[in-house]
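Me: I am new to this structure and would like to learn how to read it. Please give the general idea for each feature, then the case here.

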Amino acid sequence: MSLSGGLLAGYWIAKGDPFWTYSSGLAGIICASAGNDLYHPIQAMIIGMIGVVISYKLHYWVERKFKIDDAVGAVTVHGTIGVYGMVVFGIFAQGYPALFIENAPTVSILGQLVGAIVTSLCGFIPGYLLSLGLSGIGMLRTPEAAEIAGLDPTKVPAQAFPEGIPESAQPAE
């Protein structure tokens, strides 16, 4: 249901834009994935819908504010919506046992917030350092000539359709 909620909200918020409609389906799934075994289906759908609205708005904010070229929306769909899903799980699953063992600790909003911060830092810091290193040696971005020519003919110099195949290469009948 989180997938359907994400698709519906994505279609609505993006005014039918196909890219955001399908990306929003993924965002809807990510929103509810922390509590898939505990959420009621309608609850999962609503969590997915709210997360998609947040994702759509944050994508453009992150692009403008931090100048991150996020062509596929990966930062918001996986990053911010992953954090949102963890925090929402802490709200709705408050008091559920975190493990299926005797005297297990329970889920809490504080635990989910700490987990969200730790996982964000464990992803951001190495990613930033790696990007900084690649940028320093000139390997982070595609060369400008390849951008102008297009990445498909640059990276994969093959034709999509075999119209250029000579007659002698046709299969025998």
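Reply: Start with contacts: a contact means heavy atoms within 4.5 Å. In this protein, among contacts between residues at least 6 apart in sequence, 56% join residues at least 24 apart. The model is predicted, so local features need pLDDT of at least 70 and side-chain atom pairs count only at pLDDT 80 or more, while totals for chains, interfaces and linings use all residues. Residues are numbered from 1 along each chain as its sequence is written, and side-chain values use heavy atoms, with hydrogens and water left out.

Me: How many helices and strands are there in the protein?

Reply: Helices (H or I, at least four residues) and strands (E, at least two) are DSSP runs, numbered from the N terminus. Here there are 7 helices and 0 strands.

Me: What is the volume of the largest pocket, and which residues are closest to its centre?

Reply: Rolling a probe the size of a water molecule over the atoms shows where empty space is left. On a 1 Å grid over the protein atoms alone, a pocket is an open set of points where a 1.4 Å probe fits, with protein on both sides within 12 Å along at least five of seven lines; lining residues have an atom within 4 Å of a point. A volume is the space filled by probe spheres set on the points, which are joined across faces, edges and corners. The largest pocket holds about 810 Å³. It has 22 lining residues, and Val62, Phe66, Ile68, Val75 and Phe124 are the closest to its centre. Helix α5 (109–136) gives the most to this lining, with 9 residues.

Me: Which aromatic residues are linked into a cluster by ring pairs?

Reply: Rings of Phe, Tyr and Trp (its six-membered ring) pair if their centres lie within 6.5 Å; planes under 30 degrees apart count as stacked, over 60 as edge-to-face and the rest as tilted. The cluster consists of Phe19, Trp20, Tyr56 and Tyr60. Phe19 and Trp20 are edge-to-face, at 5.5 Å centre to centre with 80° between the planes. The rings of Trp20 and Tyr60 have centres 6.3 Å apart and planes at 50°, so this pair is tilted. Trp20 lies in α2 (residues 18–32) and Tyr60 in α3, so the pair ties together parts 40 residues apart in sequence.

Me: Is Trp20 buried or exposed?

Reply: Buried means under 20% relative accessible area, exposed over 50%, and partly exposed in between (1.4 Å probe, protein chains only). Trp20 is buried, at 2%. Tyr60, at 29%, is partly exposed, and Phe19 is partly exposed at 35%.
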